[in-house]
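Please read them with the model open.

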Amino acid sequence: MQQALTIAPDLRLQQISQARHAVLEEGRSPAGMLSAAWIENSWRRCLSRGQQPGQSVAFEVLPARALQHTEEQHHDLLHAARPVLEKLGRAIADTRYFAILTDAQGVVVDVSGPIDRSDRRADLITRVGTDLSERSVGTTAIGAALNELQPVWLHRGEHFFANTSVYSCAGAPLFGPDGHCAGMLDLTGIEAMERPELTHLAVQSACRIGNALLRSRPHSLLLRLNWPGHTLGFDADGLVCLDADGLIVGANQIARQMVAQLANPHAGTVHIGDVFGVPYQMLFDAARRQSPMIEVPLWSGLRLNALAITHSREVDAGDGGSGMRPGEPAPLREVETVLIRKAVDDARGNVAQAARVLGISRATVYRKIGNGKRH
């Protein structure tokens, strides 16, 4: 993707054209003319299916009964995604890009943003039920994100079929509570300026959808995790949901990257006691305290900070827990108060010592935690 950021637009299109000629007509490697090696691999898969770049793409829509089944099957995904898609649509309103949400098979389940329905090229790919998988429409950011399970950027002629070369797309897979791919989020422009930076926006939005999908799963305790020194309450947190017995019922991708025992989504049910070197009841106890922050040791010897939130507190907040809307950061005031309370706890109630550690006045500590004791 770095190549797309540094090469002049005309030269970039020229290199893509040369790469197409090398692979699709001469059958040889394009020797670094593409922004990513997986594009060549995707082109070769298309050729192996007997597809040809000059073919017309049908953009087929699922039959009505199959479409109804798809919508019913992905009810939770749609519910989790719609608030994020609404905000995303506003963010990209002036870019000539729009958002497409697909399921894990590449079928469109929702769209958002400034879609010009009078432009057939836009209308065809934004109809709910349209199959945008690689098998159906060749190399696209949608098919690539679902095949590679990583964020992608695809520009104009990097698409396999000639009549999809008007599109520029950023794509990011989104993952369900079980760690498996649940779909993908695509940002597409038509004959628009190349904007590979939209990949970051796609990744961030896909993460928020995945987090909302996770929190919609029945659970008793939500854990927000991050490394010591990092503030909890933001999109960079790992999220883990537990049932009343401490079994992990779901985790987001960040938590799966932090914790080795969660990395394999095929590993089956894991107990939080197999992850943290503390009794799971301590996490529930922490959630009931005024200061629900706790430092937890991993069996690997590493340590994480955890913010424990009971499901009842999430329900009372009405917005995903700890005063946060799904996918949005905690209010700064709440995060600040949690950190101050933890510092006081670490100092065993010595407010003066906690104030020195935090670099603030004792008066500020008293004001934030409402503690009448003075040391």
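1. A term first. A pocket here is an open set of grid points with protein on both sides within 12 Å along at least five of seven lines, and a lining residue has an atom within 4 Å of a point. Please also keep in mind that this is a predicted model.

2. Second largest pocket. Its lining has 15 residues. D76, G176, P177, A182 and L213 lie nearest the centre of this pocket. Two elements give two or more residues to the lining: α5 (75-91) and β5 (181-190). The space in the second largest pocket is about 310 Å³. By class, the lining splits into six nonpolar, six polar and three charged residues.

3. Largest pocket. The space here is about 400 Å³. The lining counts 20 residues, and P173, F175, V203, C207 and Q253 sit nearest the centre. Which elements each supply at least two residues of this lining? They are β4 (167-175), α9 (198-215) and α10 (253-258). Helix α9 gives the largest share, with seven residues.

4. Twelve lining residues are nonpolar, seven are polar and one is charged. If you set up a probe of this site, P173, F175, V203, C207 and Q253 mark the part nearest the centre.

5. The α5 and α9 pair. Two packed helices are described by the angle between their axes and the distance between the axes. For α5 and α9, the axes come within 8 Å and cross at roughly 140°. Is the crossing left-handed or right-handed? The crossing of α5 and α9 is right-handed.

6. Residues in that contact. From α5 come D76, L77, A80, A81, V84 and L88. They meet L201, S205, R208, I209, A212 and L213 of α9. By class, this contact has nine nonpolar, one polar and two charged residues.

7. Cavities. Rolling a probe the size of a water molecule over the atoms shows where empty space is left. How many cavities of 30 Å³ or more are there? The count comes to three. The largest cavity has a volume of about 110 Å³. I125, L132, T140, I142 and C169 are the closest to its centre, out of 14 lining residues.

8. α8, β4 and β5 each supply at least two lining residues. The lining of the largest cavity divides into nine nonpolar, four polar and one charged. Strand β4 also supplies at least two residues to the lining of the largest pocket, and β5 gives two or more to that of the second largest pocket.

9. Backbone at A31. Phi of A31 is near 50°, a positive value in a residue other than glycine. A31 lies in the loop between α2 (9-25) and α3 (37-48). Why is A31 classed as exposed? Its relative accessible area is 67%, and exposed means over 50%.

10. Backbone at L149. Here phi is near 55°, again positive in a residue other than glycine. L149 is found in the loop between α8 (141-148) and β3 (152-155). L149 is partly exposed, because its relative accessible area is 42%, and that class lies between under 20% for buried and over 50% for exposed.

Technical notes: Residues are numbered from 1 along each chain as its sequence is written. This is a predicted model: local features need pLDDT of at least 70, side-chain atom pairs count only at pLDDT 80 or more; totals for chains, interfaces and linings use all residues. Side-chain values use heavy atoms; hydrogens and water are left out. Helices (H or I, at least four residues) and strands (E, at least two) are DSSP runs, numbered from the N terminus. Buried means under 20% relative accessible area, exposed over 50%, partly exposed in between (1.4 Å probe, protein chains only). On a 1 Å grid over the protein atoms alone, a cavity is a set of points where a 1.4 Å probe fits but cannot get out, and a pocket is an open set with protein on both sides within 12 Å along at least five of seven lines; lining residues have an atom within 4 Å of a point. Grid points are joined across faces, edges and corners, and a volume is the space filled by probe spheres set on the points. Ala, Val, Leu, Ile, Met, Phe, Trp, Tyr, Cys and Pro count as nonpolar, Asp, Glu, Lys and Arg as charged, and the others, Gly among them, as polar. Axes are lines fitted to C-alpha atoms, for helices over the stretch in contact, and angles run from 0 to 180 degrees between N-to-C directions. A crossing is left-handed if the near helix is turned anticlockwise from the far one by less than a right angle, and right-handed if clockwise. Contact means heavy atoms within 4.5 Å.
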